[in-house]
Amino acid sequence: MPDIIIEINGLTKTYGSKTAVKSMDLHIRRGEIVGLIGKNGAGKSTLLKMIAGLIHPTSGELHFFNRASANGQSFFERMGVLIEQAGLYSHYSAFENLKLLAIAYGLPDANTQINKLLKTVGLEDIGSVKVKSFSLGMKQRLGIAAALLGSPDVLLLDEPINGLDPQGIVEIRALIQELNKNGLTILISSHILEELSKIATQYAIIHKGEMVEVISADELLHKCEERIELKLEKAEAAIPVLERELKIADYKVFDANTLYVYDPGAEIRQISKTLIEHGVGIDSIYKYKQSLEQYFLARTEQAGERHA
Ligand SMILES: Nc1ncnc2c1ncn2[C@@H]1O[C@H](COP(=O)(O)OP(=O)(O)OP(=O)(O)O)[C@@H](O)[C@H]1O
């Protein structure tokens with residue numbers, strides 16, 4: 001498969017009788033920002049920890065760069081991880097924290113890289129200040145710098161904007177986009193879709209340990225676009241009228257009685273008049289716009305019904 005950097009097939013993690021992650025599939029392409037979205041307890045951290053090699057899957061397969069996980073040890077070294085809070089020493093400076101980590105990683109001559117990383121995360125002027133005086137946002141940025149030591153290809157971030165103030169959120173978001181522009185593939189989890197919506201190129205919707213849907217940002221935007229919803233006696237009967245008479249090509253038959261029209265030029269009055277003229281019975285017709293949050297809720301509710 002072209003450009004797949006991580007391939008996850010049937011990944012499962014159980015703790016006793018509790019299944020935290022159930023047979024998940026996810027294929028991540030190089031250069032994507034994948035947003036893992038799910039409520040608290042959905043299984044996001046467990047999935048990230050398995051990808052990071054911090055916990056072992058109960059079953060399933062993880063392939064990195066098209067190599068099986070059995071050979072993947074070196075891959076874990078090419079992955080930067082910030083799960084929960086970074087383990088920082090508050091009585092040491094930002095530079096010293098990174099230096100200690102670099103030594104632990106076997107990178108003794110990392111001073112140049114550390115200075116570059118401090119600049120990348122916007123801490124270059126306060127590299128010598130003790131971490132105990134840092135705000136949460138500054139600590140998160142230092143945590144990201146720590147995850148970037150050793151120049152990984154993939155960065156895993158578990159709820160990196162949790163608890164940050166609006167300014168901190170903007171800074172982390174800008175940093176993530178900048179890192180991605182420079183070629184880094186990023187997996188980022190959140191329970192707030194709106195926060196991911198500004199940066200993710202792909203979404204993986206997780207609910208009660210299951211992968212409900214993997215959808216590109218473009219597809220999601222399309223689904224959340226304004227549309228005209230038609231409740232009809234028979235949706236099929238409207239198709240020739242839409243296509244031939246109204247020249248509408250962008251529509252979708254949702255079920256036997258429901259049809260969505262996405263065409264931005266389409267007008268309710270014109271559609272209803274033309275359908276009636278051609279003998280198509282209309283029960284209702286209205287404009288509808290779904291927010292990202294509504295879409296996410298609808299998908300997880302559907303998944304919840306399947307569980308019930
Ligand atoms: N070590 C563990 N032992 C037992 N159960 C666990 C363990 N780790 C996670 N779980 C359970 O697995 C489920 C998924 O947890 P996980 O932390 O992956 O969810 P999450 O989506 O990251 O949510 P949150 O944002 O609240 O951390 C939860 O029900 C959690 O209680």
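Two strands count as paired here if DSSP finds at least two bridges between them. In this predicted model, that rule picks out an open sheet of 4 strands, with antiparallel pairing and the order β12-β13-β11-β14. The edges go to β12 and β14 (282–288), each of which has a single partner strand, so one side of each is left without a neighbour in the sheet. Neighbouring strands are turned by 20 degrees against each other on average, direction ignored.

A closer look at the pairs starts with β12 (residues 251–255) and β13 (residues 258–261), which run antiparallel and are joined by 4 bridges.

Another open sheet has 6 strands, in the order β6-β7-β8-β3-β9-β10, and here the pairing is mixed. β6 (79–82) and β10 (210–216) sit at the edges with a single partner strand each, so one side of each is left without a neighbour in the sheet. From one strand to the next, the twist averages 15 degrees. Within the sheet, β7 (residues 154–158) and β8 (residues 185–190) run parallel and are joined by 5 bridges. Leu157 is found opposite Ile188 of β8. Helix α6 lies across β3 (33–37), β7 and β8, and runs at about 155 degrees to β8.

α6 also has a helix to pack against. Helix α5 (residues 136–148) and helix α6 (residues 166–181) pack with their axes 9 Å apart and at an angle of about 15 degrees. With angles under 35 degrees counted as roughly parallel, that makes α5 roughly parallel to α6. Their crossing is right-handed. On the α5 side, the contact is made by Leu136, Gly137, Gln140, Arg141 and Ile144, and on the α6 side by Gly168, Glu171, Ile172 and Leu175. By type, the residues of this contact come out as 4 nonpolar, 3 polar and 2 charged.

A further helix pair is formed by α3 (residues 94–104) and α4 (residues 111–120), whose axes come within 10 Å and cross at roughly 130 degrees. α3 and α4 are therefore oblique to each other. This crossing, too, is right-handed. Ala94, Phe95, Leu98, Lys99 and Ala102 of α3 meet Ile114, Leu117 and Leu118 of α4. The make-up of that contact is 7 nonpolar residues, no polar ones and 1 charged.

Around the ligand are Tyr15, Lys18, Ala20, Gly38, Asn40, Gly41, Ala42, Gly43, Lys44, Ser45, Thr46 and His191. At least two residues of this shell come from β2 (18–29), and at least two from α1 (44–52). Helix α1 gives the most, with 3 residues. Sorted by type, the shell has 3 nonpolar, 7 polar and 2 charged residues.

How values were computed. Residues numbered from 1 in each chain as written. Predicted model: local features only at pLDDT ≥ 70, side-chain atom pairs only at ≥ 80, totals over all residues. Axes fitted to C-alpha atoms, helices over the stretch in contact; angles between N-to-C directions. Parallel < 35°, antiparallel > 145°, perpendicular 65-115°, else oblique. Left-handed = near helix turned anticlockwise from the far one by under 90°. Contact = placed C-beta atoms within 7 Å. Nonpolar A, V, L, I, M, F, W, Y, C, P; charged D, E, K, R; others polar. Near = placed C-beta within 6 Å.
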